[in-house]
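Open the structure in your viewer and keep the selection tool at hand. This tour goes stop by stop: select, look, move on.

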Amino acid sequence: MRISSNTLFESNVAAMSQQQARLLHTQQQVSTGRRILTASDDPVAAARALDVSQSDAMNTQYAGNRNMARHTLSLAENTLQNVTLLIQDVQTATIYAGNGTLNNSDRQTIATDLSSRLQELISLANSTDGIGNYLFAGYQSRTQPFMDTSAGVSYFGDDGQRLAQVGATQQMSTSDSGADIFMRIKNGNGTFVTQAAAVNTGGGVIGTGSLANPAALTGDNYSILFAGPSAAAVTGNTGDGTISTPTVATQAAVTGNDYSVVFTAANTYDVTNTTTGATLSTGNTYISGQAISFDGLQLNIQDGTTAFIAGDSFTVSSPGYTVTNDTTSAVVLPAPPATGRLPYTSGQAISFDGMRMDIQGIPNAGDQFTVSPSVNESLFTTISNLITALNTPQGSDGSAQLTVSLNRGLNNLGNALDNILTTRSSLGLRLNEVDALQSAGEDLSLQFRQTLSDLQDVDYNKALSDLTMQQMYLEAAQKSFAQISTLSLFNYI
Amino acid sequence: MGSNLYTSALSGMNAAQIGLATAQHNIVNANTPGFTRQEVLVGSRAPQSQGGSFIGQGVDVVGVKRIYDEFLTTQVRQEQTQASYLSSYHSLMGQIDNLIADPTAGASPAMQDFFNALNGVANNPESVPARQTLLGSAQFMVNRFQAIDQRLTDIANGVTNEITASVNTINAYAQQIAALNGSIKRVTATNQNGQLPNDLLDQRDQIINQLNKEIKVSVLAQPDGTATVFIGNGQALVIDEQAMSLRPVQSTTDPSKIDIAYLNGNKLSTIQQSSLQGGNLGAYLTFRDQSLEPARNALGRVAIGLADSINQQNRMGLDLNGVPGSNLFNIASPRVDNGALNTGTAVVTGAISDVSALTASDYRLSFNGTNYSMLRLSDNAVTDLGTTLPLAAVDGVTITVAGTMNAADSFLIRPTANAAGDLRVLTNDPAKIAAATPIRTSAALSNTGSANISSGTVNTPLPLDQNLLAPVKIVFNQPPTSYSLASTAASIGADIPDPVDPLVTGPTSVVTVSSTVNMAAGDPVAGGGFPAGTTILSIDSDGVTFVVQMPVGEATNPPAPATGQTLQIGSYAYTPGADISYNGWTLQISGTPNAGDTFDIAQNINASGDNRNVLLMADLQVQNLLVNGTVSFQGAYSQLVGEIGAKTHELDVTSQAQTAMLAHTIASQQSISGVNLDEEAANLLRYQHAYQAAAKAMQIAETMFDALLSLGR
């Protein structure tokens with residue numbers, strides 16, 4: 001083929017400049033450490049590198065968020081640890097205060113101690129994160145949440161929980177509202193509270209009870225009323241003999257039902273269970289003053305001045321209790337349509353509307369116990385009430401009321417402690433989760449860096465060997481060009 | 001016979017001399033661009049008949065010929081125009097490629113900084129330094145967008161200058177070709193034996209070649225030796241000795257651009273821009289219309305999407321001063337350019353109504369006398385907008401037409417073109433960042449049930465409900481399977497006069513409550529001393545004053561409720577965990593409430609520690625909010641980088657391939673037409689020998705003549 005002399009030069013120059021450009025590109029890759037110098041070098045990898053960079057930066061940001069969350073959670077956890085110790089101290093002091101050997105001034109000393117504990121508690125509840133933000137104020141982090149008012153210590157924060165973005169899809173609450181921790185503490189057993197009426201005369205003591213079936217709860221108030229045993233002559237009797245108040249002979253046989261004792265002649269009588277309508281016995285021989293026994297009850301009838309005639313009757317009530325829903329005024333126990341009373345056995349469970357409780361001891365007829373939904377009592381109120389109770393001078397017979405107050409206080413302190421411990425365990429779980437996320441985040445970060453490096457970093461081995469190769473090619477091109485360009489026929493003519 | 005010998009030898013010497021001259025011409029022009037090597041054509045003279053045989057008379061130079069291949073020359077031209085086009089386009093793309101994907105200079109790190117700062121505020125919503133940092137990084141991000149946009153503008157201005165320069169070059173070449181046409185025509189006409197002016201033809205070919213680097217032309221050779229040059233869709237640039245010219249003119253559709261018009265005599269006519277292909281000019285126009293503007297639009301779309309989403313979320317929150325947030329960023333309205341040929345009075349404005357539907361395209365609104373239609377320029381999709389105003393939104397842009405459009409009027413609408421350049425931060429007050437949600441909820445401490453209330457969210461989309469901040473109480477009824485909304489009675493007005501027939505309707509009373517609660521006629525009202533069975537009879541338009549009706553049979557003078565008592569209005573069935581939405585908020589109550597349990601929803605005043613709204617803002621980073629909810633802001637930006645990178649890469653490869661192809665074609669053409677110096681050296685030797693031989697023949701003839709003369713001595 002014919003070669004034009006210009007082509008010889010031009011094609012060589014073009015080839016060399018192309019090799020130089022490649023050499024420069026490789027050299028730039030080596031000097032910057034980047035495989036992708038501009039997006040056009042590898043458009044897919046360049047776009048992906050931007051996305052991965054964002055993911056990496058976000059992951060780093062989440063790690064920062066987690067550190068902030070850990071800081072705040074740890075502060076709250078430390079504070080609540082102190083609150084836990086404080087409650088335990090107060091519990092110990094309260095138990096000690098119940099010691100019967102203490103006198104009024106001893107108790108006042110304990111009250112003084114508790115007062116300073118209360119102040120300490122208020123300052124713990126008003127803890128800040130060190131830069132002036134209250135830990136337990138909800139959203140209103142610059143508002144002091146707990147302050148003493150005429151109505152006791154009140155909460156001025158709100159129910160807000162601050163969240164932190166601790167992972168790509170995870171938010172975690174980093175604060176707990178002071179209301180939840182210190183104020184929203186249910187009294188009683190947390191669901192309902194049982195209480196004996198102040199006028200009770202018997203020795204019945206009601207337990208705190210427990211939740212049996214949450215679905216059956218109504219939130220209504222109830223009262224448990226004890227009645228019987230009793231007996232009375234029916235108005236209009238001809239005979240004026242009297243009936244004794246029945247006594248319980250066999251507790252196990254007691255039914256809680258109503259009965260009637262009806263004379264069929266001057267000296268015979270029948271006994272009928274009017275609640276069930278069953279006739280217990282007929283034609284019994286009446287002897288004045290002789291014991292009459294049925295269904296675990298024992299009583300007697302004594303003659304008066306006028307003898308009994310057929311048709312004279314007495315009503316007898318077996319002892320027992322009824323439960324009434326005070327909100328709806330409906331009788332709950334015995335469960336309708338049954339009427340009468342349920343027989344009472346000390347310590348036997350009384351269950352209704354999802355609640356279960358027991359009464360120990362012997363209540364008297366007319367004694368009453370109330371069951372109502374638990375209400376919130378703040379930890380501050382509980383301690384204040386204890387202080388008030390301890391400051392109240394007790395007479396010789398007033399210790400019972402003190403015992404009730406102290407028991408109430410202890411129960412509520414227990415509830416408060418449970419509440420704080422629940423919050424602390426939630427804090428602990430969150431701290432654990434932060435740690436777990438942190439290590440997952442570090443793994444992820446490593447992966448992102450690796451991906452990013454694979455996408456955009458130069459492979460030095462390859463780049464340097466490319467560089468050497470390209471250098472060699474260029475040198476070869478230059479040398480050969482210099483040689484062939486001197487070849488000319490003109491050299492010989 | 002003697003004279004015959006002389007003339008024959010002389011003709012040989014002449015021919016050799018011309019051969020030498022031609023070889024020398026080739027040698028000296030070896031580096032002349034466009035030069036085609038020449039060759040002497042010689043032929044033997046017609047013989048003389050002498051005694052029945054023919055005797056040669058010597059040699060004649062028939063002519064000097066260009067060694068020229070029409071086909072290869074045309075091919076070089078075609079390859080050349082494509083190569084110029086690709087390499088210009090590639091070098092222009094390289095400019096934006098370097099700009100946009102740079103990991104430190106692109107918008108990507110600035111956006112990331114901004115979202116990091118949002119997280120900083122979320123971690124410390126009460127911290128003014130954190131908020132200040134956010135404003136700073138917002139400003140940094142805005143600067144980044146503006147800088148990129150400014151750079152794109154600079155590149156566009158550069159392209160405009162290049163277009164003008166290219167048009168001038170084309171016009172100059174056209175003049176030169178026309179002049180050469182004239183010379184060639186005259187020289188050819190005066191030359192009787194049909195010899196061509198080789199060097200003039202080479203010059204013209206060379207200029208056409210240069211012209212081809214600017215724009216693709218087609219050439220038609222005429223019998224008189226002139227060449228007619230066409231551009232575009234067959235517009236003649238040069239005919240005979242006449243050169244037409246091109247003019248850069250302001251575009252009729254987009255005043256910010258220049259178009260190329262065709263000047264024929266005094267008549268200026270527009271030519272279809274897309275027909276101007278190949279060469280540098282083609283590259284400038286294609287780059288401007290198909291790469292630069294879409295890139296700027298795509299950048300604008302990212303800017304507008306981010307700014308609008310942040311604005312909306314900020315407006316859904318409460319700032320540090322306790323008032324609803326306002327826009328943090330300024331968003332440019334779509335740019336609308338009136339068509340230069342419009343005759344109607346219409347003034348068209350655009351507004352962004354849905355950022356997720358935005359495309360990176362421009363649009364043309366036109367009217368044919370009855371129908372409005374919108375043409376999407378990226379893919380020529382037409383949306384028929386019907387015959388009546390107002391027009392429906394197209395791809396997230398709402399167009400408002402004021403005045404009258406005449407048939408054939410058109411408007412160019414560029415929704416996102418200005419967005420990146422006009423992005424601004426609207427506030428320098430750190431308190432204006434709405435980190436908090438406008439409402440907060442709480443359960444009353446006196447509640448005995450175990451129900452919880454969620455923290456509540458603000459309903460989307462904007463605008464906020466006007467009653468959003470009104471305090472609302474939710475009170476559970478007895479039994480707690482339903483709840484009422486409660487409000488404090490602000491005043492209880494006089495009884496409305498007793499009904500005509502107290503047996504049919506009960507007595508009525510006017511009540512004003514302290515805040516608006518959702519209520520409807522027929523809703524029960526409880527509390528405030530009203531008897532059971534009291535219902536709402538009618539509601540005033542203000543929403544806080546209403547008439548209640550007590551049941552039939554109640555005393556004609558109803559009980560006198562006191563101002564300040566809590567009224568329970570309405571009754572709604574309670575489903576644990578179900579959404580409860582009023583006054584523009586939504587929340588859930590779950591668990592088991594007891595009768596009388598109360599939940600409060602109130603304005604979130606003083607909530608310096610609430611970070612709910614700023615968390616939602618930070619979350620926008622990972623949400624797919626653009627391109628119909630398919631990509632995030634960063635994703636859309638990466639897409640832009642990928643597209644530009646891919647186009648640049650493609651141009652890099654094709655331009656290299658085209659350059660190689662061109663080099664190959666030029667080598668082929670040069671292998672025929674180019675000068676090989678060795679060959680010419682050989683020619684020199686050959687003609688030298690020929691000359692010397694002819695001279696020797698002359699000498700022999702003279703010797704013969706001398707011998708003849710000596711005979712007579």
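## A loop in chain A, and onward

Start with Ser329(A), which sits in the loop between β18 (320-325) and β19 of chain A. The model you are looking at is predicted. Is Ser329(A) buried or exposed? Ser329(A) has a relative accessible area of 56%, so it counts as exposed, the cut-off being over 50%. Now check its backbone. Ser329(A) is not a glycine, yet its phi is positive, about 60°.

Move on to Pro334(A). This proline is in the loop between β19 (330-333) and β20 (349-352) of chain A. Select the peptide bond from Leu333(A) to Pro334(A): it is cis, with omega near -5°. For comparison, most peptide bonds are trans.

Jump to Ala408(B). Ala408(B) is in the loop between β18 and β19 (410-414) of chain B. Its phi is near 80°, a positive value in a residue other than glycine. With a relative accessible area of 69%, Ala408(B) is exposed.

Next, select Leu389(B) and Pro390(B). What kind of peptide bond joins them? The bond is cis, and omega is about -5°. Pro390(B) belongs to the loop between β17 (381-384) and β18 (397-402) of chain B.

**Helix α6 of chain A**

Go back to chain A and show helix α6, residues 399-456. Select Asn419(A) in this helix. Asn419(A) has a relative accessible area of 18%, which makes it buried because the limit is under 20%. What does Asn419(A) touch, apart from its neighbours within four places in sequence? Its contacts are Asp180(A), Ile181(A), Arg184(A) and Ile185(A).

Two of those contacts deserve a click of their own. Arg184(A) and Asp180(A) form a salt bridge, with their closest N and O atoms 2.7 Å apart. Asp180(A) is partly exposed, at 31% relative accessibility.

Stay with helix α6 of chain A and select Arg408(A). Arg408(A) makes a salt bridge with Glu377(A), and here the closest N and O atoms are 3.0 Å apart. This pair links distant parts of the chain, 31 residues apart. Glu377(A) is in the loop between β22 (368-373) and α5 (379-391) of chain A. Are the two partners buried or exposed? Glu377(A) is buried, at 9% relative accessibility. Arg408(A) is partly exposed, with a relative accessible area of 36%.

**A nonpolar patch**

Switch to a surface view. Select Met1(A), Ile3(A), Leu8(A), Phe9(A), Ile484(A) and Leu487(A). Together they form a nonpolar patch on the surface, with about 600 Å² of accessible area. One member, Ile484(A), is in helix α7 (residues 460-484) of chain A. Ile484(A) is partly exposed, at 35% relative accessibility.

**Two helices of chain B**

Turn to chain B and show helix α3 (residues 108-123) and helix α6 (residues 279-315). How far apart are their axes? The axes are 13 Å apart, and the helices pack at an angle of about 10°. Angles under 35 degrees count as roughly parallel, so α3(B) and α6(B) are roughly parallel to each other.

Now show the side chains where they meet. From α3(B), pick Met111(B), Phe114(B), Phe115(B) and Leu118(B). They meet Val302(B), Leu306(B) and Ile310(B) in α6(B).

**Charges in chain B**

Over all chains, the count comes to 39 salt bridges. One of them joins Arg612(B) and Asp610(B), at 2.9 Å from N to O. Arg612(B) and Asp610(B) are both buried.

Then select a network of salt bridges. Its members are Asp254(B), Lys257(B), Asp259(B), Arg288(B), Asp289(B), Glu293(B), Arg335(B), Asp337(B), Asp362(B) and Arg414(B).

**Last stop: where B touches A**

Finish at Gly642(B), in helix α8 (residues 633-673) of chain B. Gly642(B) is buried, at 14% relative accessibility. Which residues is Gly642(B) in contact with, leaving aside its neighbours within four places in sequence? They are Pro43(A) and Ala47(A).

Methods
Residues are numbered from 1 along each chain as its sequence is written. Chains are lettered from A and ligands numbered from 1 in the order in which they are written. This is a predicted model: local features need pLDDT of at least 70, side-chain atom pairs count only at pLDDT 80 or more; totals for chains, interfaces and linings use all residues. Side-chain values use heavy atoms; hydrogens and water are left out. Patches are made of residues with over 30% relative accessible area and no salt bridge: like charges are joined within 9 Å, nonpolar side chains (Val, Leu, Ile, Met, Phe, Trp, Tyr) within 5 Å. Accessible areas come from the Shrake-Rupley method with a 1.4 Å probe; for residues, only the protein chains shown count as cover. A salt bridge is a side-chain nitrogen of Lys or Arg within 4 Å of a carboxyl oxygen of Asp or Glu. Helices (H or I, at least four residues) and strands (E, at least two) are DSSP runs, numbered from the N terminus. Buried means under 20% relative accessible area, exposed over 50%, partly exposed in between (1.4 Å probe, protein chains only). Axes are lines fitted to C-alpha atoms, for helices over the stretch in contact, and angles run from 0 to 180 degrees between N-to-C directions. Angles under 35 degrees count as roughly parallel, over 145 as roughly antiparallel, 65 to 115 as roughly perpendicular and the rest as oblique. Contact means heavy atoms within 4.5 Å.
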